[in-house]
Amino acid sequence: MNKRKVLFVASTGGHLKELMQLEDMFLNYDFNLITEKTDSNLYLKDKYNNRVDFLVYGTKDHLLTYPFKLLYNCFKSLWLYLKIHPDYIITTGVHTSAALCCLGKIFGSKIIYIETFANISSKTVTGKYLYPVSDLFIVQWKSLLKLYPNAVYGGWIF
């Protein structure tokens, strides 16, 4: 039986921690994981071998280098997307996932976005951008259904 290709994507930190709550699902699919390369994430390469790829870590707080890192990550995201060409992209955000989700939408992947557990009463920046392009938009708080009326309440993933 041919397994669906699923790309799991999240920025480092809390977003990755949330995504890793879905780790039991990984082996049900032909999966890949993309996150940012930090010392705290390197164990993933040992654990999943060639199924993990890293983007450059960088936030808007790094004003001088951020534009270059963002540009590099966009090109690397394109290369990784074309290499993997997933049927589905599942993400908890944030900037690491935006380019991959846009590419996925252009090339026909289904986008599943899980809004962060941290927001109870307001939209995230990533949520605002990905809500219109997501095929399935999941919130972890019922209160967010007012802000995202077409979302699905999935409950907490923790």
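View 1. Strand 2 (residues 30–36) is largely enclosed by the rest of the structure, because six of its seven residues are buried. Here, buried means under 20% relative accessible area, exposed means over 50%, and partly exposed lies in between, calculated with a 1.4 Å probe and protein chains only. Strands (E, at least two residues) and helices (H or I, at least four residues) are DSSP runs numbered from the N terminus. The model is predicted: local features need pLDDT of at least 70, and side-chain atom pairs count only at pLDDT 80 or more, whereas totals for chains, interfaces and linings use all residues. Residues are numbered from 1 along each chain as its sequence is written, and side-chain values use heavy atoms, with hydrogens and water left out.

**View 2. The partners of strand 2.** Two strands are said to pair if DSSP finds at least two bridges between them. Strand 1 (residues 5–10) pairs with strand 2 in the parallel sense over five bridges, and Phe8 has Leu33 of strand 2 as its bridge partner. Strand 2 is also joined to strand 3 (residues 52–55) by four bridges, and these two strands run parallel. Within strand 3, Leu55 is the bridge partner of Glu36. Strands of a sheet pair through backbone hydrogen bonds, either parallel or antiparallel.

**View 3. The crossover from strand 2 to strand 3.** Together with helix 3 (residues 43–48), strand 2 and strand 3 make a right-handed β-α-β unit. A crossover is right-handed if, with the strands pointing away from the viewer, the path from the first strand over the helix to the second runs clockwise. Asn49 is placed in the loop between helix 3 and strand 3. Although Asn49 is not a glycine, its phi is positive, at about 50°.

View 4. Seven strands form an open sheet in the order 3-2-1-4-5-6-7, with parallel pairing. Strand 3 and strand 7 (152–153) stand at the edges, each with a single partner strand, so one side of each is left without a neighbour in the sheet. Elsewhere in the sheet, strand 4 and strand 5 run parallel and are joined by four bridges. Thr91 has Tyr113 of strand 5 as its bridge partner.

**View 5. Helix 4 and its two faces.** Helix 4 (residues 66–84) has 19 residues and reaches 26 Å from its first C-alpha to its last, close to the 27 Å expected at 1.5 Å a residue. That expected span is 1.5 Å times one less than the number of residues. The buried residues of this helix are Tyr66, Asn73, Ser77, Leu80, Tyr81 and Ile84. Seen down the axis of helix 4, its buried residues fall within an arc of 95°, so they line one face of the helix; the arc is that of the directions from the helix axis to the C-beta atoms. The face turned away from this buried side carries the exposed residues Phe68, Phe75 and Trp79. The buried residues of helix 4 pack against strand 1, strand 2, strand 3, strand 4 (88–93) and helix 5 (95–107), where contact means heavy atoms within 4.5 Å.

**View 6. The loops on either side of strand 4.** His85 lies in the loop between helix 4 and strand 4. Its phi is near 40°, a positive value in a residue other than glycine. His85 is partly exposed, with a relative accessible area of 38%. Val94 is placed in the loop between strand 4 and helix 5, and a cis peptide bond with omega of about 10° joins Gly93 and Val94.

**View 7. The nonpolar cores.** A nonpolar core is a set of buried Ala, Val, Leu, Ile, Met, Phe, Trp, Tyr and Cys residues joined through side-chain atoms within 4.5 Å. The largest has 20 residues, and Leu7, Ile34 and Ile89 have the most contacts inside it. Strand 1, helix 4, helix 5, strand 5 (110–114) and strand 6 (136–139) each give two or more residues to this core. Apart from it lies another core, of 19 residues, among them Phe8, Ala10, Ile114 and Ile138.

View 8. Thr124 is placed in the loop between strand 5 and helix 6 (125–130), and at 13% relative accessibility Thr124 counts as buried. Not counting residues up to four places away in sequence, Thr124 touches Tyr113, Glu115, Thr116, Asn119 and Tyr148. Lys128 is found in helix 6. The C-alpha atoms of Lys128 and Tyr148 are 9.1 Å apart, although these residues are 20 residues apart in sequence.
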